[in-house]
Amino acid sequence: MHILALTSACISILGAFMVITRRVAVHAVLYLVVTLLALACVLALLGAPFAAALEVIIYAGAIMVLFVFVIMMLNLGKPDRDRETEWLRPRAWVGPAALASILGMELLFGLRTLSGTGITFQITPREVGLSLFGPYVLMVELASFLLLTGLVTAFHIGRHWPGEH
Amino acid sequence: MTLLALVGIVITPLVILGLATLLTWVERRLLGVWQNRCGPNRVGPGGVLQAAADGIKILFKEDWTPPFADKGVFVLAPAIGMMTVLLSFAVIPLTFSSSIAAGLNVGLLFVLAMMGLGVYAVVLAGWASNSKFALLGGMRAAAQMISYEVFMGLALMGVVMMTGSFSLRDIVMAQSGLWFVLPQCVGFVVFLLAGIAETHRLPFDLPEGENELGAGFHTEYSGMKFGMFFIAEYAGIVLVSALITTLYLGGWQGPILPAPIWFTLKTTVLIGFFILLRAALPRPRYDQLMALGWKILLPLSLLNIVVTGAVLLLHTAG
């Protein structure tokens, strides 16, 4: 179990690295999907199958498909690839790499204090539902307000007014 | 136990692939019956070896990758389609004890997740082919499948609410008194329509509408790569039929006959119904398909959830 989770975690890190270094947008999105799937595996192995399923359904299965859809609409070609190469010069890596390495060191330092108790229980969908509609009900309602606002706005912007082309 | 599970994991995909291949022949024979002609009846008894002949033919065809295609993604796309369909079968219970993971407590969500990933096969095939027909087919597929996934998930919530579990085994067990097709008739119809749209079968095969898009997303595919799309589509029909059997028609349950026979019987009837739909109905326009989804199926499935919830509440309160 431990080995599987660690392998999935390594795959997700590798996938994330590939996401930021790819020059073709669709390849980057595909690596992002791999990263999300690996994260879902980690979640499932840590005893949260519901979160894992939602990760795949919502992020990998819906949002990333929309990303691919938009990229297909944009019809990126060779010029965009060249521009991407232009942006990804070694000099651009220095700042982010420094900041990320500080974060990485912090993480490695923090890892020592974690205790490996192993997985003792599973979080079932029922428990997730009870906590969402129990202590976190305000958050759920606020999020639904936000989504409804987004929906109404999108409908308003996309609407065809009579006599308009 | 572990050995038995391994055997199951090896055998299940083989059986599904065999069934899907056989189904290509069954469909053509049934279409022949309904259209008052013979269909393929020359190879083997009744033409049953036609599927094998087609398989051998497609294996020996040139496996050509167009020079303008994105090679890696082009090869990956049919594999994704095949894999997601085959993985979904893991959580479907043939009988109470015989399945790979029917007891998974998020089983239904697993199926939905695999169907969500299945969209990539079509979309990436459309993008990687780097041609206009394929791209248009891929875009249609993306919009159609994402839309119909929404109603599919919502329609299933009625079943989940009545069972109180996402596990497909629990769902079948909850139908020992009454099949869910009666109390959940609205959800059943929505799920059936969404199932056809998800497998992009006729009459909802707009991503590959041959009179306007060549062959849609798989225009550039040939040889076994095309064969994989083809077989994955038929495996998808078996999957949706098996899912409807499990979710709405009581799965393996039934009188007198043994459990696997009941499951097979129900699934076979549904597959036949899918083929009949192909023989009977013309293809709608794309905007009609989307309007049917968002203006009729979405409100219907939401209403289904509200009514189911209200009835369940009244039932538990009273």
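Here are some friendly questions and answers about this two-chain predicted model.

Residues are numbered from 1 along each chain as its sequence is written, while chains are lettered from A and ligands numbered from 1 in the order in which they are written. Since the model is predicted, local features need pLDDT of at least 70 and side-chain atom pairs count only at pLDDT 80 or more, whereas totals for chains, interfaces and linings use all residues.

User: Which helix of chain A gives the largest share of the side that touches chain B?
Analyst: Two residues are in contact if their C-beta atoms, placed from the backbone, lie within 7 Å. The contact takes 15 residues from chain A and 19 residues from chain B. Helices are DSSP runs (H or I, at least four residues; strands are E, at least two), numbered from the N terminus. Twelve residues on the side of chain A come from residues 49-74, which form helix α3.

User: How many nonpolar residues are on the side of chain A that touches chain B?
Analyst: Ala, Val, Leu, Ile, Met, Phe, Trp, Tyr, Cys and Pro count as nonpolar, Asp, Glu, Lys and Arg as charged, and the others, Gly among them, as polar. On this side of chain A there are two polar and no charged residues, and the nonpolar ones number 13.

User: How far apart are the centres of domain 1 and domain 2 of chain A?
Analyst: An automatic or database domain assignment sets the bounds. Domain 1 of chain A covers 1-82 and domain 2 covers 124-157. Taken over C-alpha atoms, their centres are separated by 24 Å.

User: What percentage of residues 93-111 of chain A is helix?
Analyst: UniProt, in an unreviewed entry, lists 93-111 of chain A as a "transmembrane region", along with 28-46, 53-73 and 132-157. Positions follow the numbering used here, feature names are shortened, and annotations may be inferred rather than shown by experiment. The end C-alpha atoms of residues 93-111 lie 26 Å apart, with 0% strand in the span and a helix share of 100%.

User: How far apart are the end C-alpha atoms of residues 178-197 of chain B?
Analyst: This span is among those that an unreviewed UniProt entry lists as "transmembrane region" in chain B. The span is 65% helix and 0% strand, and its end C-alpha atoms are separated by 28 Å.

User: How are α4(B) and α5(B) oriented to each other?
Analyst: Axes are lines fitted to C-alpha atoms, for helices over the stretch in contact, and angles run from 0 to 180 degrees between N-to-C directions. The axes of α4 (residues 107-128) and α5 (residues 132-163) of chain B come within 8 Å and cross at roughly 170°. Angles under 35 degrees count as roughly parallel, over 145 as roughly antiparallel, 65 to 115 as roughly perpendicular and the rest as oblique. That is why α4(B) and α5(B) are roughly antiparallel.

User: In which hand does α1(B) pass α10(B)?
Analyst: The axes of α1 (residues 2-34) and α10 (residues 259-280) of chain B come within 10 Å and cross at roughly 55°, so the two helices are oblique to each other. A crossing is left-handed if the near helix is turned anticlockwise from the far one by less than a right angle, and right-handed if clockwise. For α1(B) passing α10(B), the crossing is right-handed.
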